[in-house]
Amino acid sequence: MKKILFFMLIISSLTACSLNIEEEEEDAYVLTTEDREIFGTILESELQSLNWAYSPDEIRFGTGFFPAEGEADYEKLREVSEKMGYDTENWQGGEVVATAAVTIYHPNGDLGGTARFYFKNNLIICGYYTYNDAIYSMGDEAVFLNRDVLTVFENREIEAVDFAETEISLDFDNFSDISPKSGMTAVIEDNSLNFYTLRTAAFELTKSYSEEDLGYIPFDAAFDSDGRCAVLAGVINENGSRESRKLIILDAFLNPTDMGFDLYNTGYTQVLYENGTVILGNRASVSEFDGETRENTANYNLIHYISGMSSCDIYGNGTRIYVITDGTNIFVYSADFTLLWRSYYNEEAIGSYIYFGDMNGDGVKEIYTSDSISQTSVKYILTDSGFSEADDTEAAVYLTGDFDCNGRFEYIVIGTEGTKILN
């Protein structure tokens with residue numbers, strides 16, 4: 001990856017804090033070799049603690065002065081600095097202090113942006129980074145790659161809905177999709193496609209298709225808005241590898257139709273079904289098919305593999321996003337598969353099932369994934385800088401969806417003390 005030449009950008013992109021290095025050093029502040037070593041050590045410790053990568057050779061030291069209260073970006077700089085606990089009490093508008101700036105990178109090598117720090121009395125008194133002309137806290141590990149699509153964010157002041165909690169009997173630990181028309185839950189288990197219906201305190205098996213019934217082993221299933229179900233099916237080879245062979249369409253009563261078609265690309269692993277369009281995930285690409293004509297209408301190449309894929313209308317107003325995992329990170333795409341956001345944590349083994357919910361009823365859905373190692377769910381909420389992990393769920397697996405078609409999400413919570421449903 002090409003490194004960005006740092007200091008050509010720093011003056012033009014910063015509106016609030018002047019960094020006129022040559023003039024300020026001559027007129028008001030001269031950094032000694034000892035100063036640079038001290039500030040370099042502080043910067044190294046801070047960036048390493050936040051998991052940012054950088055090149056020490058690219059650090060540019062200089063001087064700069066703070067804006068006065070009321071000037072451009074003053075409030076934003078104070079907000080992001082206080083968020084990190086920097087010593088903002090020592091700010092003084094117009095005062096010249098030591099500065100440092102450097103290009104930062106995510107652990108995988110992707111560009112993070114340009115980090116800027118201001119020092120006084122050997123302490124960081126202001127610190128932030130810029131990416132795509134926006135200012136972020138140094139602790140914002142993953143921000144929007146495209147900020148123009150998602151514009152309504154989680155209302156963190158609204159607490160979770162007051163759910164009733166009931167113990168429940170459950171035979172499955174994940175599901176592929178829920179019918180928005182009937183509430184049927186499609187589950188792939190033991191090489192069969194099973195449909196369950198919520199009945200008070202238990203999920204009852206309503207219908208089942210075996211490998212013999214379908215002609216192939218079901219890999220994944222997804223419902224359309226009218227209740228029809230698309231089933232991705234194929235064969236499992238002796239070495240355990242899977243080959244997709246057929247797309248099967250069930251009607252709203254879950255009976256087989258003649259609308260399905262053979263798949264000549266055998267690498268599909270995931271299926272979605274939206275408004276008559278079948279969307280198939282194939283290793284590192286996505287293909288769209290017209291459900292009526294069976295024509296391949298669009299293809300999108302991704303920057304990662306696909307081990308799980310889901311989608312939702314995140315606001316309930318037609319703003320659809322696709323959430324895909326490669327087994328380690330998650331990637332959020334717009335309706336035309338423009339990458340909006342991605343995670344960089346590389347710490348979790350994310351399962352292939354991704355769910356959505358609106359636990360506090362603010363109209364903005366959250367994303368739920370599960371860590372297959374710890375057997376707990378990770379909840380992501382939509383903020384003005386990107387998606388962020390939330391910490392308001394217990395250590396359990398959350399299966400979310402509108403299981404009873406009443407217009408409100410339910411939450412199945414599978415923990416060490418049993419299984420319950422919040423509804």
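Modeller: Rings of Phe, Tyr and Trp (its six-membered ring) pair if their centres lie within 6.5 Å; planes under 30 degrees apart count as stacked, over 60 as edge-to-face and the rest as tilted. This is a predicted model, in which local features need pLDDT of at least 70, side-chain atom pairs count only at pLDDT 80 or more, and totals for chains, interfaces and linings use all residues. Residues are numbered from 1 along each chain as its sequence is written, and side-chain values use heavy atoms, with hydrogens and water left out.

Biologist: Which residues do ring pairs link into a cluster?

Modeller: The structure holds 21 aromatic pairs. Ring pairs join these residues into a cluster: Phe172, Phe175, Tyr196, Phe203, Tyr353, Tyr355 and Phe403.

Biologist: Are the rings of Phe172 and Phe203 stacked or edge-to-face?

Modeller: A pair of aromatic rings is described by the distance of the centres and the angle of the planes. For Phe172 and Phe203 the centres are 5.5 Å apart and the planes stand at 75 degrees, so the pair is edge-to-face.

Biologist: Is Phe289, the partner of Phe261 in a tilted pair, buried or exposed?

Modeller: The rings of Phe261 and Phe289 lie 5.4 Å centre to centre, with 40 degrees between the planes. Buried means under 20% relative accessible area, exposed over 50%, and partly exposed in between (1.4 Å probe, protein chains only). Because its relative accessible area is 9%, Phe289 is buried.

Biologist: What relative accessibility does Asp384 have?

Modeller: Asp384 is placed in the loop between strand 25 (376–382) and strand 26 (387–390); strands (E, at least two residues) and helices (H or I, at least four) are DSSP runs, numbered from the N terminus. Asp384 counts as exposed, its relative accessibility being 54%.
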